[in-house]
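The sequence and coordinates are shown first.

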Amino acid sequence: RLRLPLGRILWNLMIKAHANANRPKAAESWVIDMLERIYQPDIITYNTLLNCFGRLGQFLKSETWMRRMRARGVEPDMYSYGSLANAYAKDGDMKNTERVVRELLDSGIELVPS
């Protein structure tokens, strides 16, 4: 693992590079490494990881990281919920996809068109 004193922006770029290359374990290891240092993950960090897991249908990892982000005081946004819903949809689990969408709608988060 590369160990450089990267700022959060560069750290997030490394996580995104691994996520875009469909390397979720590498992306996750960068987030874990980030947690062990002075750089605290932000909504961009978590959403990048959630998007990676969502595209691959890894709903268990997505649920785990949604819990972790909340536990660290980072509230999910519409993209967080969308990635989680996508993970369930990729797995063919429409019941949980609908549950996540309902949670998003019930959360009061402002939905902005993309």
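L13 is located in helix α1, which spans residues 8–20; helices (H or I, at least four residues) and strands (E, at least two) are DSSP runs numbered from the N terminus. The model is predicted, so local features need pLDDT of at least 70 and side-chain atom pairs count only at pLDDT 80 or more, whereas totals for chains, interfaces and linings use all residues. Residues are numbered from 1 along each chain as its sequence is written, and side-chain values use heavy atoms, with hydrogens and water left out.

With a relative accessible area of 48%, L13 is partly exposed; buried means under 20%, exposed over 50%, and partly exposed in between (1.4 Å probe, protein chains only). Together with I9 and L10, L13 forms a nonpolar surface patch with about 320 Å² of accessible area. Such areas come from the Shrake-Rupley method with a 1.4 Å probe, and for residues only the protein chains shown count as cover. Patches consist of residues with over 30% relative accessible area and no salt bridge; like charges are joined within 9 Å, and nonpolar side chains (Val, Leu, Ile, Met, Phe, Trp, Tyr) within 5 Å.

## The loop between α1 and α2

N22 is situated in the loop between α1 and α2. The phi angle of N22 is near 55°, a positive value in a residue other than glycine. Most residues other than glycine have a negative phi. N22 counts as partly exposed, at 44% relative accessibility.

## Salt bridges

Five salt bridges are present in the structure, each defined as a side-chain nitrogen of Lys or Arg within 4 Å of a carboxyl oxygen of Asp or Glu. One of them joins the side chains of K61 and E28, at 3.0 Å from N to O. This pair links distant parts of the chain, 33 residues apart: K61 belongs to helix α4 (residues 59–71) and E28 to helix α2 (residues 24–35). K61 is partly exposed, with a relative accessible area of 34%, whereas E28 counts as buried at 9%.

A salt bridge also connects R37 and D33, whose closest N and O atoms are 3.2 Å apart. Here R37 counts as partly exposed at 27% relative accessibility, while D33 counts as buried at 1%.

R99 and E103 form a salt bridge through their side chains, at 2.6 Å from N to O. Because these residues are four positions apart in helix α6 (residues 94–107), about one helical turn separates R99 and E103. R99 counts as partly exposed at 24% relative accessibility, as does E103 at 31%. Salt bridges with shared partners join E63, R99 and E103 into one network.

## Packing of α2 and α3

The axes of α2 and helix α3 (residues 43–55) come within 10 Å and cross at roughly 155°. Axes are lines fitted to C-alpha atoms, for helices over the stretch in contact, and angles run from 0 to 180 degrees between N-to-C directions. The two helices, α2 and α3, are therefore roughly antiparallel; this term applies over 145 degrees, with roughly parallel under 35, roughly perpendicular from 65 to 115, and oblique for the rest.

A87 lies in helix α5, residues 78–90, and counts as buried at 0% relative accessibility. The C-alpha atoms of A87 and L104 are separated by 15 Å, the two residues being 17 apart along the chain.
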